[in-house]
Amino acid sequence: MNEESRILGAQAKTEKQPEKDYSKYFEHVYQPPSLKEAKKRGKEEVSYHNDFKIEEKYQGLGKGRKYYIRTYGCQMNEHDTEVMAGIFEALDYTATNEVNDADVILLNTCAIRENAENKVFGEIGNLKHLKLEKPDVLIGVCGCMSQEESVVNKILKSYQNVDMIFGTHNIHRLPAILEEAYMSKAMVVEVWSKEGDVIENLPKSRLGETKAWVNIMYGCDKFCTYCIVPFTRGKERSRMPEEIIAEVRDLARRGYMEICLLGQNVNAYGKDLDIGYGLGDLMADIQKIDIPRVRFMTSHPWDFDDRLIEVLAQGGNIVPHIHLPVQSGNNEVLKIMGRKYTRESYIELVSKIRAKMPDVALTTDIIVGYPNESEEQFQDTLDLYEQVGFEHAYTYLYSPREGTPAAKMKDNVPMRDKKDRLQRLNKVVEQQTEETLTKYLGQEVMVLCEGPSKKNEEILAGYTDKNKLVNFKAPREAIGQLVRVKVTETMRYSMNGEFIEILDRVGVTK
């Protein structure tokens with residue numbers, strides 16, 4: 001699809017939109033989330049706005065004040081944190097890494113698993129003493145947990161040290177929420193249960209200077225029975241291609257070496273735009289931009305089409321690594337999960353990908369102990385893992401999330417069985433990951449050096465294009481650069497190597 005078609009598509013989308021009355025959003029409101037509202041998928045159009053700016057009345061709101069954001073959960077949450085940090089800094093706040101020094105503390109939360117929520121409630125409790133010592137400090141809870149009715153009700157009842165709660169659709173309203181929190185004696189709650197519009201031109205304070213997240217769409221329409229995301233993130237809304245491409249070009253100009261295109265269901269991109277332009281087309285356009293590495297996540301097998309495979313197979317700056325969650329290797333379990341594909345169709349998709357990309361690295365997500373999962377069905381998952389030859393997996397015990405269909409099912413797999421299955425699965429994952437890494441021994445690999453290792457400041461670390469972690473000693477000027485490293489040792493989940501040289505942006509010796 002050419003540039004003219006994209007622009008026409010954007011114009012058509014804009015012309016359809018009736019004028020909205022936004023004045024109600026600037027009134028003092030107590031707006032808690034509603035699961036009933038979040039479940040609705042209306043046909044109303046999504047409006048696109050690229051005129052975000054800090055209103056004059058909010059300018060300087062943070063002068064002399066510091067902010068601190070603690071992020072839980074997925075890459076989408078990390079990117080939301082970058083946006084909120086950008087808004088804070090546009091308001092003249094200064095970032096701090098010390099929670100005790102902050103004038104505003106935000107907990108950007110995740111609702112995917114129960115233990116993630118428990119950590120947040122624990123942290124809110126830990127902040128009570130700080131509120132007593134510094135009554136003027138603002139404490140806020142935002143992100144996916146804020147979109148859950150039960151969470152908001154629990155905070156209202158038990159955590160009076162929280163000053164504000166806002167949701168995933170309200171991030172652009174942060175200046176108004178902050179001002180109201182300063183002025184109001186009551187807790188400020190603003191959570192829109194139905195998704196908002198697509199807001200462009202939001203400021204961002206990037207977490208690094210080497211790799212960057214680029215959000216290409218919001219929400220999810222798949223409604224897997226275990227997943228709360230369609231309720232916390234809303235329906236699928238794609239950004240316009242020209243906005244995404246402009247952002248990637250800007251990152252390339254600023255020297256970024258890798259971008260990751262983000263979406264809850266990233267390969268459904270463009271389906272809602274109705275302009276005949278999908279993720280494959282977007283990747284084809286981004287292939288032409290001078291940025292060394294491009295990734296995307298997370299994919300749903302249902303939407304992984306032939307056009308996308310065709311573009312990925314062309315290589316270029318698109319890395320040969322695909323994260324493709326399978327969740328289970330048994331058809332009955334997949335059906336209960338609402339995954340919309342079968343074991344056979346998943347294997348067929350993998351065969352298609354491998355036919356075009358023989359050297360591709362496949363990784364996945366798997367849940368064990370789903371309601372009604374038998375030992376035989378779990379064995380199907382182990383068998384599928386070995387048949388596909390995944391290079392790594394993120395594995396999880398099933399735990400019910402309130403509001404999802406699975407939460408109404410009888411959680412009839414004993415915890416001891418869940419833990420046993422997870423342990424056995426992890427042994428298979430560990431073995432195949434180790435075998436994959438062993439093949440690199442003695443080889444030279446290209447690594448994007450991200451900085452010091454988390455375990456040793458004297459050692460640098462980075463990832464290959466297939467997302468393999470490599471540790472090595474090298475001069476500090478290697479940070480943020482592509483480097484050539486010879487693998488000298490393979491570990492369980494990483495490799496050690498000997499630094500050879502720094503490369504230019506296209507992988508040629510400098």
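The report below takes the sheets in turn, then helix packing, aromatic rings and the backbone.

This is a predicted model, in which local features need pLDDT of at least 70 and side-chain atom pairs count only at pLDDT 80 or more, while totals for chains, interfaces and linings use all residues. Residues are numbered from 1 along each chain as its sequence is written, and side-chain values use heavy atoms, with hydrogens and water left out.

**Strands and sheets**

Helices (H or I, at least four residues) and strands (E, at least two) are DSSP runs, numbered from the N terminus, and two strands pair if DSSP finds at least two bridges between them. In the order β3-β2-β4-β5-β6-β7, 6 strands form an open sheet with parallel pairing. Its edge strands are β3 (94-95) and β7 (188-190), each of which pairs on one side only. Within this sheet, Gly140 stands opposite Met164 in β6. Helix α4 (residues 114-126) lies across β2 (66-71), β4 (104-109) and β5, and runs at about 165° to β4; such angles run from 0 to 180 degrees between N-to-C directions, and axes are lines fitted to C-alpha atoms, for helices over the stretch in contact.

| Strand pair | Bridges | Direction |
|---|---|---|
| β5 (residues 138-143) and β6 (residues 164-166) | 2 bridges | parallel |
| β18 (residues 460-463) and β19 (residues 469-473) | 4 bridges | antiparallel |
| β19 and β21 | 4 bridges | parallel |
| β20 (residues 482-490) and β21 (residues 495-502) | 7 bridges | antiparallel |

β18 and β19 form a hairpin with 5 residues between them, and Asn467 in the turn has a positive phi of about 70°.

**Helix packing**

Helix α11 (residues 306-313) packs against helix α13 (residues 343-356) at an angle of about 30°, with their axes 9 Å apart. That makes α11 roughly parallel to α13, given that angles under 35 degrees count as roughly parallel, over 145 as roughly antiparallel, 65 to 115 as roughly perpendicular and the rest as oblique. Asp306, Ile309 and Ala313 in α11 meet Leu349, Lys352, Ile353 and Lys356 in α13, where contact means heavy atoms within 4.5 Å.

**Aromatic pairs**

The structure holds 11 aromatic pairs; rings of Phe, Tyr and Trp (its six-membered ring) pair if their centres lie within 6.5 Å, and planes under 30 degrees apart count as stacked, over 60 as edge-to-face and the rest as tilted. The rings of Tyr226 and Tyr370 have centres 6.0 Å apart and planes at 85°, so this pair is edge-to-face. Because Tyr226 lies in the loop between β10 (217-218) and α8 (229-232), and Tyr370 in the loop between β15 (361-368) and α14 (375-388), the pair ties together parts that are 144 residues apart in sequence.

**Backbone**

Most residues other than glycine have a negative phi, and most peptide bonds are trans. Phe223, in the loop between β10 and α8, has a positive phi near 50°. A cis peptide bond, with omega about 0°, joins Met297 and Thr298, and Thr298 is placed in the loop between β13 (293-297) and α11.
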